[in-house]
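Here is a short report on charged side chains and backbone angles. Read it alongside the model.

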Amino acid sequence: MLIRRVSHAIESDGQFDPEAETELDGVGVVGADEHFKEADETYASLYGYTAEEIEGKHWTELHPEEEVKHIRTHVLPVVRSGGEWTGRSKGLREDNTTFIESKMVTAMDDGRLLIAVSESTDLESGSDK
């Protein structure tokens, strides 16, 4: 289901249908300026926000400091060189609580990042696949 949703978002130039069938998976798009351009309600709700509240936020606002460093040094270099990163990281909710997220990050042709995320029950974060 996640692969179908991500494929749809890529094929439609980053536009996605928020009514599309999904379970826990959410999708967000981050622009070249590292700020969210859009996110579906599922993605936003994982972090305690609405989709409108996520738009315009810098992606670092959704992760604790130690996780930002991991993403900058391990995730972004892979994605910006044309790869795809999948693994786990730690998300930061609006109320300052954290959760483990399963995440897939890939770059679109125009430099935006497509991020698909689900809450994970796995207790380890930062594991690359």
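The model is a predicted one. The side chain of Glu101 forms a salt bridge with that of Lys103, with N and O 2.8 Å apart. Lys103 is buried too, at a relative accessible area of 7%.

## Salt bridges in the model

How many salt bridges does the count come to? The count is eight. Side chains of opposite charge can pair when their charged atoms come close.

Asp110 and Arg112 make one of these pairs, with their closest N and O atoms 2.7 Å apart. Asp110 is partly exposed, with a relative accessible area of 45%. Arg112 is buried, at 13%.

## Arg72 and Glu34: a link across the chain

Arg72 and Glu34 also join their side chains in a salt bridge, at 3.6 Å from N to O. This pair ties together distant parts of the chain. Arg72 sits in helix H4, which covers residues 65-80. Glu34 sits in the loop between strand E1 (26-30) and strand E2 (36-39). The two residues are 38 residues apart.

Glu34 is buried, with a relative accessible area of 14%.

Salt bridges link Glu34, Arg72 and Arg80.

Most residues other than glycine have a negative phi. Which value does phi take at Glu34? Phi of Glu34 is near 70 degrees, a positive value in a residue other than glycine. Glu34 lies in the loop between E1 and E2.

Asn96 lies in the loop between E3 and E4. What is the relative accessibility of Asn96? The value is 60%, so Asn96 counts as exposed.

## Negative charge on the surface

A patch of negative charge gathers on the surface. Its members are Glu41, Glu52, Glu53, Glu55, Glu94 and Asp95. Where does Glu94 lie? Glu94 is in the loop between strand E3 (84-92) and strand E4 (98-107). Asn96 lies in the loop between E3 and E4 as well. Glu94 is partly exposed, with a relative accessible area of 45%.

Glu66 lies in helix H4. Arg72 is in helix H4 too. Glu66 is exposed, with a relative accessible area of 51%. The cut-off for exposed is over 50%, so Glu66 passes.

Which separation do the C-alpha atoms of Glu66 and Lys90 show? They are 9.0 Å apart. Along the chain, Glu66 and Lys90 are 24 residues apart.

How values were computed:
Residues numbered from 1 in each chain as written. Predicted model: local features only at pLDDT ≥ 70, side-chain atom pairs only at ≥ 80, totals over all residues. Heavy atoms only, no water. Salt bridge = Lys/Arg side-chain N within 4 Å of Asp/Glu carboxyl O. Helix = DSSP H or I, 4+ residues; strand = E, 2+ residues; numbered from the N terminus. Buried < 20%, exposed > 50% of the residue type's maximum accessible area, 1.4 Å probe, protein only. Patch = residues over 30% accessible without salt bridge, like charges linked within 9 Å, V, L, I, M, F, W, Y side chains within 5 Å. Areas by Shrake-Rupley, 256 points an atom, 1.4 Å probe, with all protein chains shown as cover. Lys, Arg positive; Asp, Glu negative; His and termini not counted. Charge placed at Lys NZ, Arg CZ, Asp CG, Glu CD.
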